[in-house]
Amino acid sequence: MKEVMAIIRMNKMNQTKKALADAGLPAFVALECLGRGRGLINQEVLKGAAEGNEEAIALLGTKGRLYPKRMVTVVVPDADVQKVVDTIMAVNKSGRAGDGKIMVMPIGDSVRVRTGEVGEAAVS
């Protein structure tokens, strides 16, 4: 089993939800979150701001530090991982900065609370 976690643009959530359902993957969790990528920020300025340097903080400005995003998490059997990744990519890839990230992580076990099913039976 694997957990596929994707950070996507807020305005792509409904399209992503529909695409996952159409691909036979209707079960997932979605959370609102804030974040940012590396972007074009000078890392030295960012470091100075983190250390409390007032000039560095002024250079960053008050906007654009964190952007609203959605975190979508899908736990699937290993055989479905590529389908999940491909589906999320197809909807969210625009070629512009901020399209998001997809991470794939191993899951040790899973238990369906209602039935007590364990392992892949709990997620399929």
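**Exercise 1. Work out whether V111 is buried or exposed, and where this residue sits.**

Step 1: V111 has a relative accessible area of 52%, so this residue is exposed. The cut-offs are under 20% for buried, over 50% for exposed and partly exposed in between, with a 1.4 Å probe and protein chains only.

Step 2: Before going on, a word on the source: this is a predicted model, where local features need pLDDT of at least 70, side-chain atom pairs count only at pLDDT 80 or more, and totals for chains, interfaces and linings use all residues. Residues are numbered from 1 along each chain as its sequence is written, and side-chain values use heavy atoms, with hydrogens and water left out.

Step 3: Now place V111 in the chain: the segment after β4 (101–106) holds this residue. Helices (H or I, at least four residues) and strands (E, at least two) are DSSP runs, numbered from the N terminus.

Step 4: Setting aside neighbours within four places in sequence, V111 is in contact with G116, E117, V118 and A122; contact means heavy atoms within 4.5 Å. L34, in turn, is 77 residues from V111 in sequence and 29 Å away in space, C-alpha to C-alpha.

**Exercise 2. Find the salt bridge partner of E117 and say how exposed the two residues are.**

Step 1: The partner is R112, with the closest N and O atoms 2.8 Å apart. A salt bridge here is a side-chain nitrogen of Lys or Arg within 4 Å of a carboxyl oxygen of Asp or Glu.

Step 2: E117 is partly exposed at a relative accessible area of 32%, and R112 is partly exposed at 23%.

**Exercise 3. Take the salt bridges D22–K18 and E32–R70, and place each pair in the secondary structure.**

Step 1: Start with D22 and K18, whose closest N and O atoms are 2.8 Å apart. Both lie in helix α1 (residues 13–22), four residues apart, or about one turn of the helix.

Step 2: Check the surface: D22 has a relative accessible area of 56% and is exposed, and K18 counts as exposed too, at 53%.

Step 3: Go on to E32 and R70, whose side chains meet at 3.6 Å, N to O. This pair links distant parts of the chain, with E32 in strand β2 (residues 29–35) and R70 in strand β3 (residues 67–76), 38 residues apart. E32 is exposed, at 60% relative accessible area.

Step 4: For the tally, the whole structure has five salt bridges.

**Exercise 4. Describe A90 and how far this residue is from T16.**

Step 1: A90 is in helix α4 (residues 81–92) and is exposed, with a relative accessible area of 64%.

Step 2: A90 and T16 are 74 residues apart in sequence, yet 8.9 Å apart in space, C-alpha to C-alpha.

**Exercise 5. Sum up the overall build of the protein: what is the pattern along the sequence, and how spread out is the chain?**

Step 1: Four helices and four strands follow one another as β-α-β-α-α-β-α-β.

Step 2: The radius of gyration, taken over C-alpha atoms, is 18 Å, well over the 14 Å that the globule rule gives for 124 residues, so the protein is more spread out than a compact globule. That rule is 2.2 Å times the number of residues to the power 0.38.

Step 3: The C-alpha trace spans about 55 × 30 × 20 Å along its principal axes.

Step 4: Buried residues account for 29% of the 124. Of the contacts between residues at least 6 apart in sequence, 76% join residues at least 24 apart.
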